[in-house]
Amino acid sequence: MEDFVTEWTARHGATRDRLLPLLHAMLEEAGYIDDALVPAIARALNLSRADVHGVITFYHDFRRTAPGRHVVKLCRAESCQARGGAAIEAAAAKRLGVAMGEVRADGQVALEPVYCLGLCAIGPNALVDGRPVGRIDAAVLERIALEVAA
Amino acid sequence: MSRVFVSRDMASVALGADDVARAFAAAGCQVVRTGSRGLFNIEPLVEVETEEGRIGFGPVGPADVAAVLDGSHANRLGRIEDLPFFAGQQRFTFARCGIIDPVDLNDYAAHGGWLGLEKARALAPQQVVDAVKASGLRGRGGAGFPTGIKWQTVLDAPAGDKFIVCNADEGDSGTFADRMLMEGDPYCLIEGMAIAAHAVGAGHGYIYIRSEYPFCVATMRAAIEASAHLVAPFVLEVREGAGAYVCGEETALLDSIEGKRGQVRAKPPLPALQGLFGRPTVINNVLSLAAVPFILSEGAEAYAAVGFGRSRGTMPVQLAGNVRHGGLYEIGFGITLGELVNEIGGGTASGRPVRAVQVGGPLGAYFPPSMFHLPFDYEAFAQAGGLIGHAGITVFDDSVDMAHMARFAMEFCAAESCGKCTPCRIGSTRGVEIMDRIIAERDITAPVRPEPVEGRARASTSSARTEGGYLGKALYSRAPDRIDVSIEAQTNLLRDLADTMKYGSLCALGGFTPYPVLSALDHFPEDFGASAPVKEAAE
Ligand SMILES: Cc1cc2nc3c(=O)[nH]c(=O)nc-3n(C[C@H](O)[C@H](O)[C@H](O)COP(=O)(O)O)c2cc1C
Ligand code: SF4
């Protein structure tokens, strides 16, 4: 990944405002941003390590540990709550065998909270490996569970 | 070969529109992917081109192709624009959304696209700013600041690098108008930004889109590339957020584009004078910028002719949550909350009575049906102790526990606080603790709500963002035996804390979180263990 950082900055620039795009690219590439890469990022953009660490930890997206092979991001915001989101969240945690905010022990699936996907009239909603799913009920949840078991 | 139209909007896709589109393509149809029309209980929707116009069928599934094509399908809706939900709208900004192929430049031009930019370029910058002023357009991102005045400040700033920044962070739950516009009519936003650039002398623009909107990011990038030659020398770029709600605050957003933590800046200096990279910057919401092409092409008077009081023009209202006819309803200001929720929205989706609506996202107030006479107007909502915000209306039925919603507001503020000021950073955490005590005390002394809904007890009591983290440890950091945990004492403490947050916070995250909390307390005191609805009794 260190080579990825140097190659990326060579291609896309190394000014400070490139930090978030770089972190997004790393997320896309590796699924998370390893703390061990902070010095390489800092060097590439001529920033202090503390500065880079501060940015990574500020944003919820920049996870610092490996995600599950599949990621189910379930909305917890008000509009989904109004449509029974809490009950679906409880059912999802039970069916997928993983608590909200965690990766299942076998690494197969992670259940993550998200605060609004902008699908507020058709909740409860989720992003399953980046694919939007709406009107989640028991049957839809079962389909999601089978999908992420693969 | 039939020509059919199927939306590629993220909400439509979430309901299965991709499978429907594939099925029609496999049957030999020419499938045009559009944005969404904006009524979600009829999605997935297919429109078939006929001599009488585009005939809609919805909801439909992939197995319905034959019945749709021979016209026999039970969910035949007729012409979409004739449905009551659409016939009553005034679609100024969303005129093309759901109708055209979003990234087809010919389609955009054929539906009145680029006329506003053409007109603007024939005018001097000051004349463009004057038109926006005359339209009465106010910022649609929440604060309602007059857009023309903001542009004037940037126009008057000394020449040099200036920027146009579009705030597409749309973090409020219950809102999706920015998303629908960017996915359904991206050139409209690009045209609005190009007009702004001409008006203030800016050469570079950024669209800051939240990462939760992957479809928007892709559509905007494609549209920017395809239209680059039409807006040149103005150059546009998409920047993706990273899951921080506070980055919707304009100065936090600018810091985020600059590659920093999204922390709120103190004002002054105004972003209009020292914004992005310290340069004069217009920062506007998607809907503010997307309203501008209409204002230029149809005239400021046409825009200002609709509206209510000092709220001119139209608002794309978003009906969300537990509502039967959820979707986007663009209408002149002045329509009442009750008309929107009951008549247009059709009440709740669950069929139970409406108990509360939250207007304006997580920082907006909760209103009971007794306040449904309120006209949709910035001033009327402010007077009633709330805000219009980005015009999302989230409907709740009678199973809602308002104390839990108040707790959620505090929890959300704690999780999303940028940390710059104490009332917000610490106060929100103290607020969660107070709400926990009130709820615990209420449930011991009087389990008031007779029909607990399944899963309610779990609602928002655990969050990955807080559980086990600093907040988890701080939650009960004070010795409980040293605090008066009576509901009365805790309610007073809550009001006191809300006051501190309201007047002592730097931005509206800490400053407005008291709105949902206090409105829930004032309008639904029975959920907080009190006996009589204080506010409603007074009415
Ligand atoms: C916590 C917080 C979140 C905000 N989120 C958004 C947002 O998602 N989109 C938006 O346009 N404005 C948002 N705003 C308002 C912006 O600060 C600012 O008022 C707006 O971008 C100005 O554009 P306008 O005049 O066109 O409304 C937010 C404000 C605060 C305090
Ligand atoms: S009110 Fe909260 S989000 Fe706003 S500046 Fe203060 S700490 Fe940051």
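A residue is counted as near a ligand if one of its heavy atoms lies within 4 Å of it.

**View 1. The shell of residues around ligand 2 in this predicted model.** Ligand 2 is surrounded by 13 residues, of which the closest are B:Cys418, B:Lys420, B:Cys421, B:Cys424 and B:Cys507. Sorted by residue class, the shell around ligand 2 comprises eight nonpolar residues, four polar residues and one charged residue.

**View 2. The packing of helix H8 against helix H10 in chain B.** Two packed helices are described by the angle between their axes and the distance between the axes. Here H8(B), residues 147-156, and H10(B), residues 186-200, pack at an angle of about 45 degrees, and their axes are 8 Å apart. The arrangement of H8(B) relative to H10(B) is therefore oblique. On the H8(B) side the contact involves B:Trp151, B:Val154 and B:Leu155, which meet B:Ala196, B:Ala199 and B:Val200 of H10(B). The residues of this contact between H8(B) and H10(B) divide into six nonpolar, no polar and no charged.

**View 3. The interface of chain A and chain B.** In this interface, 43 residues of chain A are in contact with 68 residues of chain B. Between them, chain A and chain B bury about 4200 Å², with 59% of that area on carbon and sulfur atoms. On the chain A side, the residues that lose the most area to chain B are A:Phe58, A:Glu78 and A:Tyr115, which together account for 17% of what that side buries.

**View 4. A salt bridge between B:Glu237 and A:Arg18.** The rule finds two salt bridges across the interface of chain A and chain B. The side chains of A:Arg18 and B:Glu237 meet in a salt bridge, with an N to O distance of 3.3 Å.

How values were computed
Residues numbered from 1 in each chain as written. Chains lettered and ligands numbered in written order. Predicted model: local features only at pLDDT ≥ 70, side-chain atom pairs only at ≥ 80, totals over all residues. Heavy atoms only, no water. Nonpolar A, V, L, I, M, F, W, Y, C, P; charged D, E, K, R; others polar. Axes fitted to C-alpha atoms, helices over the stretch in contact; angles between N-to-C directions. Helix = DSSP H or I, 4+ residues; strand = E, 2+ residues; numbered from the N terminus. Parallel < 35°, antiparallel > 145°, perpendicular 65-115°, else oblique. Contact = heavy atoms within 4.5 Å. Buried area = accessible area lost by both parts, 1.4 Å probe. Salt bridge = Lys/Arg side-chain N within 4 Å of Asp/Glu carboxyl O.
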